[in-house]
Amino acid sequence: MRTRIVWGLILLMMPILSGCWSRIEVNDLAFVTAAGIDKMEDGKIRLALQVAIPRMLGAAGQGGIGGGKDIGAKAVWIVSEKGETILDAYRRLQEKLPRRIFFSHSAIIIFGEQMARDGVSPVLDFFIRQREARMRSYILFTKGEAVKILKFIPKLERIPAEIMREEVKQHIGVRMNLKDFVHMLVTEGVEPIAAEMELVPSSLTSGGDSKVPSPSNVETNLSVKGSAIFKKDKLIGWMNDLETRGVLWLRNEMKTGVVTVNIPKEKGNGKISVLILKAETQIKPILRDGELSVEVKVRAEHELYENNSKLDVSDPKVIHFVENKLEDDLKQRIQLVLDMAQKKFKSDIFGFGIAVERRYPKEWKNKFKEHWEEEFPKLKVDTTADVIVNRTGLTNKPLILKEKESER
């Protein structure tokens with residue numbers, strides 16, 4: 001009797017324990033590595049997907065890759081479709097594919113310029129609602145069409161998205177993922193900013209070279225060339241490499257880089273280049289007599305990597321002189337981007353408003369929050385820089401001085 005009861009319970013539980021009824025096999029999925037979004041002339045949205053071809057992702061020389069040749073061309077497949085909305089384009093794309101679109105491996109979302117200028121909120125709404133979308137996917141923008149970036153054939157990686165991801169991870173420009181970009185969109189006191197991705201020549205194509213290749217024959221590579229500046233969810237302009245470096249200083253996101261300063265003729269002429277070892281920026285809002293200002297304090301440690309001037313850096317006075325030159329250069333960079341953000345774009349991409357809210361929450365809520373767009377352009381910003389050169393390499397005197405000493 002007891003045995004019959006046990007078997008009866010087992011039979012009743014079997015439908016509940018069958019957990020594989022809704023499984024999806026790996027070979028039923030189309031793995032998206034990057035997505036590109038463009039706004040077309042007819043007003044429709046084009047969604048382009050960079051889909052990995054699994055059988056081409058084995059070791060070099062295996063899986064029909066032909067000994068590693070044309071790896072990038074065969075490792076991904078670019079598919080695209082237009083729609084009234086991003087979901088409409090997605091549905092039409094799914095009809096073209098024999099496998100289910102799977103976004104969980106997507107590392108890049110790149111927008112074309114026209115789509116960005118019209119507003120990215122509708123598209124981002126789709127991605128943040130998508131269960132499979134990765135909130136850590138990097139957000140990028142390009143001055144042309146996003147699909148052209150997706151079609152790039154890399155030399156060092158099988159998948160173009162890997163090139164884009166590694167470029168962003170180098171901290172050369174602004175490093176922005178989907179989560180942080182959306183957070184800036186919905187947060188008062190800061191405007192969004194993201195990296196600009198462009199196709200650039202892999203080698204010099206002008207300047208004394210008699211065998212300059214024609215534009216169609218120039219090999220290209222993907223590169224982070226600057227940054228895209230936003231007001232709310234709309235692209236309003238671009239900053240180049242130099243200007244973007246100033247933005248990184250103000251956002252306290254400077255990790256590494258090279259700074260070169262010119263030495264005046266009275267000091268021996270030439271150039272000195274240093275490597276940034278450590279950088280820190282502090283932003284402190286000051287409210288006095290109802291007037292708001294911001295103090296920016298920047299501190300940096302450098303290592304001297306190249307000295308082609310006649311300065312002898314073994315002399316502490318010379319090091320102090322170089323540090324002063326570096327401080328002046330840093331303040332000029334910061335002032336350059338401050339003027340652009342306040343006068344040209346009128347967009348608080350530095351997050352000064354957030355700093356004001358943290359220090360003066362009541363005043364921010366009652367006075368500044370509702371009128372921050374008018375307050376930011378006229379905000380007074382005082383910048384101080386403290387630069388230290390604590391390493392000069394394995395030698396002190398430049399080679400030109402050593403050569404003169406040997407001749408004596």
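Arg117 is partly exposed, at 31% relative accessibility. The term covers values between buried (under 20% relative accessible area) and exposed (over 50%), with a 1.4 Å probe and protein chains only. This is a predicted model: local features need pLDDT of at least 70, side-chain atom pairs count only at pLDDT 80 or more, and totals for chains, interfaces and linings use all residues. Residues are numbered from 1 along each chain as its sequence is written, and side-chain values use heavy atoms, leaving out hydrogens and water.

**Salt bridges**

Arg117 pairs with Glu113 in a salt bridge. Such a bridge needs a side-chain nitrogen of Lys or Arg within 4 Å of a carboxyl oxygen of Asp or Glu. By this rule the count is 22.

| Pair | N to O distance |
|---|---|
| Glu132 and Arg100 | 2.7 Å |
| Glu113 and Arg117 | 2.9 Å |
| Asp329 and Arg333 | 2.8 Å |

Glu113 and Arg117 sit four residues apart in helix H4 (residues 113–118), so about one helical turn separates them. Helices (H or I, at least four residues) and strands (E, at least two) are DSSP runs, numbered from the N terminus. Asp329 and Arg333 are likewise four residues apart, about one turn, in helix H10. Both are buried. A network of salt bridges with shared partners joins Asp88, Arg91, Arg92 and Glu95.

The Glu132–Arg100 pair spans 32 residues in sequence: Glu132 is in the loop between helix H5 (121–129) and strand S6 (138–141), Arg100 is in strand S4, and so the pair ties these parts together. Glu132 is buried at 14% relative accessible area. Arg100 is partly exposed at 32%.

**Ser106**

Ser106 lies in the loop between strand S4 (100–102) and strand S5 (108–111). Its relative accessible area is 3%, so Ser106 is buried. A polar atom of its side chain lies 3.5 Å from the backbone oxygen of Ile108. Beyond four places in sequence, Ser106 contacts (heavy atoms within 4.5 Å) Val32, Thr33, Ala34, Ala35, Arg134 and Ser137.

**Nonpolar cores**

A nonpolar core joins buried Ala, Val, Leu, Ile, Met, Phe, Trp, Tyr and Cys residues through side-chain atoms within 4.5 Å. The largest core has 89 residues; Phe141 and Phe352 touch the most other members. Helix H10 (residues 316–345) gives the largest share, twelve residues. Leaving out residues up to four places away in sequence, Phe352 touches residues including Leu250, Ile283, Leu338, Trp372 and Phe376. A second, separate core of 22 residues includes Val76, Leu150, Ala195 and Val224.

Key. Polar contact = N/O pair within 3.5 Å; in protein donor to acceptor, adjacent residues only side chain to side chain.
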